[in-house]
Amino acid sequence: MFAAENGLKGDPRLKGISDSITVVPHFPKPGIMFQDITTLVSNPKAFKDTIDIFVDRYRDMDISVVAGVEARGFMFAPTIALAIGAKFIPLRKPGKLPGEVISEAYELEYGKDRLEMHVGAVQRGERALVIDDLVATGGTLSAATRLLERVGAEVVECACVIGLPEVKGRCRLGGKPLYMLVEPRQ
Amino acid sequence: MAAQIVDSTDDRISRISSSIRVIPDFPKPGIMFQDITTLLLDPKAFKDTIDLFVERYKDQNINVVAGIEARGFIFGPPIALAIGAKFVPMRKPKKLPGEVISEEYSLEYGTDKMEMHVGAVKAGERALVVDDLIATGGTLSAAIRLLERVGVDVVECACVIELPELKGRDRLGDKPLFVLVS
């Protein structure tokens, strides 16, 4: 669900966040209107507001794990983790994490990729969030959810700054609640 | 309101240092990899890490915190947010959409490139460059060059860990380096 449908309708911060995102046409290929969050993270007010909205939502939900998806999820998840007193867990492309990992495959438009998490990072029964900048098909978030569930964590919610039309009208992704701040800019 | 009690710098650094895990022979034999993911699993150590950087930089009029992909994206944004600066990601090739400038740097075998968005920073802005670790200094010096090419004043490089035997500090030229753990 979008923030505006869940208590933040008319919140001026949402417009500021949306306005701070840049649309780059035909990246990475023709026909894609890329939602570029680098102009959000370089806008201190928009960036702070983004983090504050997530922190306000999650601070009293007994979350002990915030997992962020490489690489843009790393720009948002750690600050949220710090503010709510949770651990930050990076979910990475193959071969990046040293030591023992578990791995989950997911579909790309053409082909497959894998997401890895450290063994032992998360304990059974911990309550977790998954954070990324944007959700399109939900493939990566679903892989992230599966990794956490495989080790017995409870994924409380998946949260993204931007939700693409494929997920519009959906409140859940793979059985888990999905929370998004804004729709894509045109 | 009670005054906040902050542990001494030495106590905080001691906990940060202990929280870092060393993984032998990663990514290849002979390398003792400094793994900061275990620091990130200790909320107090992670908070102390950010606080130590914020305490140092909050009154230095820093406008920009540039973070190097990908582990610099973990430490850079919390610092930027706390000091009211922009966060600017320095990325591997072809990741940033739109117009970029690019700087090549040496690897042990071969070269790689680092990119920054055109227009992300302005001439005269004061910047930090942040990464988890400095080894040879190759990536940090590429980031410094990118920022200086557009007229930014790189005030300091900030890393959690330094590997002093690799002499990365020398590769930064006249730029100071601040680290928590050597």
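Trainee: Which residues of chain A does the UniProt domain annotation cover?
Mentor: Residues 38–163 of chain A, as "domain: Phosphoribosyltransferase", according to the unreviewed UniProt entry. UniProt positions are in the numbering used here, feature names are shortened, and annotations may be inferred rather than shown by experiment.

Trainee: Ground rules before we go on?
Mentor: This is a predicted model: local features need pLDDT of at least 70, side-chain atom pairs count only at pLDDT 80 or more, and totals for chains, interfaces and linings use all residues. Residues are numbered from 1 along each chain as its sequence is written, chains are lettered from A and ligands numbered from 1 in the order written, and side-chain values use heavy atoms, without hydrogens and water.

Trainee: How much helix and strand over 38–163 of chain A?
Mentor: 31% helix and 34% strand, with the end C-alpha atoms 16 Å apart. Helices (H or I, at least four residues) and strands (E, at least two) are DSSP runs, numbered from the N terminus.

Trainee: What's the strand order in the chain A sheet?
Mentor: S4-S3-S7-S8-S10-S9, 6 strands in an open sheet with mixed pairing. Strands S4 (87–91) and S9 (172–173) of chain A are at the edges; each has a single partner strand, so one side of each lacks a neighbour in the sheet. Pairing takes at least two DSSP bridges between two strands.

Trainee: How do S8 and S10 of chain A pair?
Mentor: In the parallel sense, over 4 bridges. A:Cys160 has A:Met180 in S10(A) as its bridge partner.

Trainee: And in chain B, what does S8 do with S9?
Mentor: S8(B) (residues 153–162) pairs with S9(B) in the parallel sense, also over 4 bridges. B:Cys159 is opposite B:Val179.

Trainee: Switching to pockets. Which helix gives the largest share of the second largest pocket's lining?
Mentor: H3(B), with 5 residues. The lining has 15 residues; B:Ile50 and B:Asp51 are among those nearest the centre, as is A:Thr79. The pocket's space is about 390 Å³.

Trainee: How are pockets defined?
Mentor: On a 1 Å grid over the protein atoms alone, a pocket is an open set of points with protein on both sides within 12 Å along at least five of seven lines; a cavity is a set where a 1.4 Å probe fits but cannot get out; lining residues have an atom within 4 Å of a point. Points join across faces, edges and corners, and volume is the space filled by probe spheres set on them.

Trainee: How many cavities of 30 Å³ or more?
Mentor: 4. The largest is about 60 Å³, and its lining includes A:Arg92 and B:Phe33.
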